[in-house]
Amino acid sequence: MQTHALRYFLEVARTGSLSRASERLHVAVSALSRQIAKLEEDLGTPLFERRPRGMVLSEAGVLLADHARRVLLDAERITSEIRGLTEVGRATIRVASAEGVARDFLPQVFARFRETYPGAHFLLDVVSPFVATERVRDGDADIAVCFSVAPEKGVQVVHTQPAPIYALMAKKHPLAKRRNVALADLLPYPIALSNAGVTIRQMFDLCCSLEGLLFEPVFISNYHAALHSFVRSGNAVTLTGLLTVRSRLAPEGLVAIPIRNPALHQRSLQVQTMAARTLPAPVEAFLGLLIDAIRAPEILDKPFS
C-alpha cells in the first residue's frame with residue numbers, strides 16, 4: 001500500500017467525511033474516493049460503513065487504521081534517521097499529559113534532557129487522561145503521561161507506579177504536623193476540590209460514598225494552581241498527587257500529608273506509547289529519563305554533570 005493512500009484513508013477516518021478530508025488535505029473528493037475504493041478492492045472488504053451522519057470505520061477499517069498509523073510513524077522515523085537527525089539529537093518529541101505533571105515536573109524533565117540533547121524540541125499538550133491515551137493511540141503524540149484507575153486498550157504502558165492522593169495545606173494549618181490523616185479528619189476544615197472529571201475528584205467522591213462522608217467544597221476549580229494558592233492563604237485543604245507539588249512545597253510554605261484511606265491509593269501514574277511502535281532514538285532516550293525521574297524525582301534537583 002502506498003503511504004499517500006494510507007494518509008488519505010486515515011484523514012477520512014479522522015473526519016468521518018470525504019468532503020472534510022478533502023478540505024484538510026487539499027485533494028479532490030474524487031481522488032480520495034478512488035483511493036478508498038482501491039484499498040477496499042485490494043483488501044476485498046469495506047473499510048467504512050456509509051451512514052447518514054458520515055463514514056464510520058468497519059471492523060476491517062479499524063484494523064487497517066491501527067496498521068496505517070504505525071506504518072506512517074515508522075516511515076517518518078526512518079526518514080529522520082537517514083537524514084542523520086538522530087545523530088545530533090535533533091527531534092521533536094510530542095507529549096500529552098495530565099495537568100498535574102505539566103506545570104512543574106515535565107518542564108523540569110524537558111530541561112534536563114536538553115542538557116544532553118540540545119537539539120530536542122518539545123510539544124506538550126495538556127488534556128484529560130482519556131484524551132492523552134487517545135492522542136498516543138492515534139499517533140498524534142509520542143508519549144502520554146497520565147493518571148489512571150484502569151487499564152487502557154490500544155497502547156503500551158511502558159511504566160506504571162502508584163500515585164496516592166495527599167492532603168495539601170499551609171504549614172501553619174492545624175493538621176500540618178501530622179504524619180498522616182484520615183479523610184474524616186478533614187471534615188472540620190474548608191476543602192477545595194478539582195472538577196468532577198479529574199481522577200483525584202473521582203477517587204475522593206468514591207471514598208466519601210464508601211465511608212458515608214459528606215463534604216461541602218468551598219472552592220471548585222479545574223486549575224490546580226488556583227487550588228494551591230487558595231490553601232496557601234488560609235486554613236483550607238485540597239487534594240493532590242505528590243509529584244504535582246513536590247518542587248513547590250518548601251518555597252510556597254505548603255505541606256503534603258499522606259491520607260490513610262485505601263480508596264485514595266488506587267490511582268496510578270502511567271507512561272504510555274503506541275502499541276507495537278518503534279520509537280525514534282531521541283524519543284526512546286527521553287522515555288528513559290522520564291521513567292527514571294518518575295521513579296526518583298530527586299534526580300532533577302541535582303546539578304547536571
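Reader: Great! Is this from an experiment or predicted?
Author: This is a predicted model.

Reader: Okay. How many helices and strands does the protein have?
Author: The secondary structure comes to 12 helices and 12 strands. The C-alpha trace spans about 70 × 50 × 30 Å along its principal axes.

Reader: And how much of the protein is buried?
Author: Buried residues make up 48% of the 305 residues. As for contacts with a separation of 6 or more, 74% of them are between residues 24 or more positions apart.

Reader: What's in the largest nonpolar core?
Author: That core has 29 residues, and Phe105, Phe286 and Leu290 have the most contacts inside it. The elements giving two or more residues to this core are β3, α6, β4, β5, β12 and α12. The largest share, eight residues, comes from α12.

Reader: You mentioned Phe105. What is Phe105 in contact with?
Author: Setting aside neighbours within four places in sequence, Phe105 is in contact with Leu243, Leu290, Ala293, Ile294 and Leu300.

Reader: Let's switch to a helix. How far does α8 reach?
Author: Helix α8 covers residues 199-211, which is 13 residues, and reaches 18 Å from its first C-alpha to its last. That is close to the 18 Å expected at 1.5 Å a residue.

Reader: Which residues of α8 are buried?
Author: The buried ones are Thr199, Ile200, Arg201, Met203, Phe204, Cys207 and Cys208.

Reader: What covers them?
Author: The cover over the buried residues of α8 includes α7, β5, β7, β8, β9 and β10.

Reader: And what comes just after α8?
Author: Just after α8 there is Gly212, with a positive phi of about 65 degrees.

Reader: How far apart are Thr199 and Ser268?
Author: They are 69 residues apart in sequence, and their C-alpha atoms are 9.9 Å apart in space. Ser268 also turns up among the contacts of Ser148.

Reader: Oh, tell me about Ser148! Where does Ser148 lie?
Author: Ser148 lies in strand β5. Ser148 counts as buried because its relative accessibility is 4%. Leaving aside neighbours within four places in sequence, Ser148 is in contact with Gln266, Arg267, Ser268 and Gln270.

Reader: New topic: how much space is in the largest pocket?
Author: About 640 Å³ of space lies in the largest pocket. It is lined by 24 residues, and the closest to its centre are Leu10, Arg14, Arg69, Asp138 and Gly139.

Reader: Which elements give two or more residues to that lining?
Author: Those are α1, α4 and α7. The largest share, eight residues, comes from α4. By class, the lining of the largest pocket has 10 nonpolar, two polar and 12 charged residues.

Reader: What about cavities, how many of 30 Å³ or more are there?
Author: A search of the whole structure finds one cavity of 30 Å³ or more. About 40 Å³ of space lies in the largest cavity.

Reader: Which residues line the largest cavity?
Author: The lining is Asp104, Phe105, Gln108, Leu243, Thr244, Arg246 and Ser247. Helices α6 and α10 each supply at least two residues of it. By class, the lining of the largest cavity has two nonpolar, three polar and two charged residues.

Reader: Last one: is His26 buried or exposed?
Author: His26 counts as exposed, because its relative accessibility is 73%, and the cut-off for exposed is over 50%. His26 lies in the loop between α2 and α3. The phi of His26 is near 60 degrees, a positive value in a residue other than glycine.

Reader: Thanks, that helps a lot!

Conventions
Residues are numbered from 1 along each chain as its sequence is written. This is a predicted model: local features need pLDDT of at least 70, side-chain atom pairs count only at pLDDT 80 or more; totals for chains, interfaces and linings use all residues. Side-chain values use heavy atoms; hydrogens and water are left out. A nonpolar core is a set of buried Ala, Val, Leu, Ile, Met, Phe, Trp, Tyr and Cys residues joined through side-chain atoms within 4.5 Å. Buried means under 20% relative accessible area, exposed over 50%, partly exposed in between (1.4 Å probe, protein chains only). Helices (H or I, at least four residues) and strands (E, at least two) are DSSP runs, numbered from the N terminus. Contact means heavy atoms within 4.5 Å. The expected span of a helix is 1.5 Å times one less than its number of residues. On a 1 Å grid over the protein atoms alone, a cavity is a set of points where a 1.4 Å probe fits but cannot get out, and a pocket is an open set with protein on both sides within 12 Å along at least five of seven lines; lining residues have an atom within 4 Å of a point. Grid points are joined across faces, edges and corners, and a volume is the space filled by probe spheres set on the points. Ala, Val, Leu, Ile, Met, Phe, Trp, Tyr, Cys and Pro count as nonpolar, Asp, Glu, Lys and Arg as charged, and the others, Gly among them, as polar.
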